[in-house]
Amino acid sequence: MKTEVMGGNLPVVVCKLSKGEEVYTETGGMSWMSQGIKMSTNTNGGIMKGLGRALAGESIFMNTYTAEEDETEIAFASSFPGEILEFDLKEGETIIAQKRAFLCAEKTVNMAMHFRKKIGAGFFGGEGFIMQKLSGHGKVFLEIDGAAIKKELAPGEILNIDNGYVAAMTQDVQLDIKTVKGIKNIVFGGEGLFLTTVKGPGTVWLQSMPISKLAGSLYGTMPQSK
C-alpha cells in the first residue's frame, strides 16, 4: 500500500491499493474512493471488542475496504484541523494514543481499548482512563489536534505537560499526574491543580491545540444568555 498525506492543516491521507490489499476505518470515516474497491461492515473482532473501541472513542462497527483491482485509490480526511501521523508498526511495536485519534489502518493492525490502571491519572489527567492501543504490523494513521511535536525521552527523563496535550506515545513511556505546587500557582497560574507527566524511555507526540482547549476558548467568546 502506497500512501500520501496532503492538505496542509486540513489533512487527508490518500491510499493507493493493489489488488487484495485492505484498509479499515470507523463507520463514516471514508472521504472518497475509486471504483474497484469493496466495502464490508462488521464488528472487526466481535461485539465485545467493538464495545471496547466505542469506549475508546471509535465506532462499534468498522468498515473494511478491499481492493478488487490494482491501482485503486481511497482517502480518509481528518475531522479536525491539525496533522495526520503515519506509523509503520513492526511486529511487537505498540502505540498508545488519545481517544478518537485513530483514523485508518491496514487490516494487519489491531486497534483496541487501553485502560489506564492508575486511578489518579485517570480522573485528573486530561487523557482520561481509556486510551487507544495500536499493535500488530503495518501502517496506521492517527489524527492530531493542531501541530504535532515529537519528543524523544531518555531513560528516567520526565516531561511535565498541561492536561490534554499528549496525543500519542510508545508503550514504554510511563504516564502519570503530579500536583501543582503552591497555592498562588494553583489559583492564579491558570494550569489547574494537576499536570500530566510522562517518563522515558520512549517517544511522545504532543499536540498544539487539543480540541478541548479550543472548545473552551470558543465558549468564552460566545454571548451568554441571561
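**Close-up views of a predicted model**

Of the chain's 226 residues, 44% count as buried. The model is predicted.

**View 1. The chain as a whole.** Four helices and 19 strands make up the secondary structure of the chain. Among contacts with a separation of 6 or more, 77% join residues 24 or more positions apart. The accessible surface is about 11,800 Å², and carbon and sulfur atoms account for 57% of that area.

**View 2. The largest nonpolar core.** This core has 19 residues. Those with the most contacts inside it are F87, L89, I95, F102, L134, V140 and L142. Two or more residues each come from β8 (82-89), β9 (94-97), β10 (102-106), β11 (109-115), β13 (138-145) and β16 (166-170). Another core, of 14 residues, lies apart from the largest one and includes V23, I84, C104 and F141. In soluble globular proteins, nonpolar side chains tend to be buried together.

**View 3. Surroundings of I95.** Neighbours within four places in sequence are left aside here. I95 is in contact with F87, L89, L134 and L142, which are also among the core residues with the most contacts. Further contacts of I95 are Q132, K133, A168, M169, T170 and W205.

**View 4. G28 in its loop.** The loop that holds G28 runs between β3 (22-26) and β4 (32-33). G28 has a relative accessible area of 71% and therefore counts as exposed, the cut-off being over 50%. F76 is 48 residues from G28 along the chain, and the C-alpha atoms of the two are separated by 9.7 Å.

Definitions and conventions. Residues numbered from 1 in each chain as written. Predicted model: local features only at pLDDT ≥ 70, side-chain atom pairs only at ≥ 80, totals over all residues. Heavy atoms only, no water. Core = buried A, V, L, I, M, F, W, Y, C linked by side-chain atoms within 4.5 Å. Buried < 20%, exposed > 50% of the residue type's maximum accessible area, 1.4 Å probe, protein only. Contact = heavy atoms within 4.5 Å. Areas by Shrake-Rupley, 256 points an atom, 1.4 Å probe, with all protein chains shown as cover.
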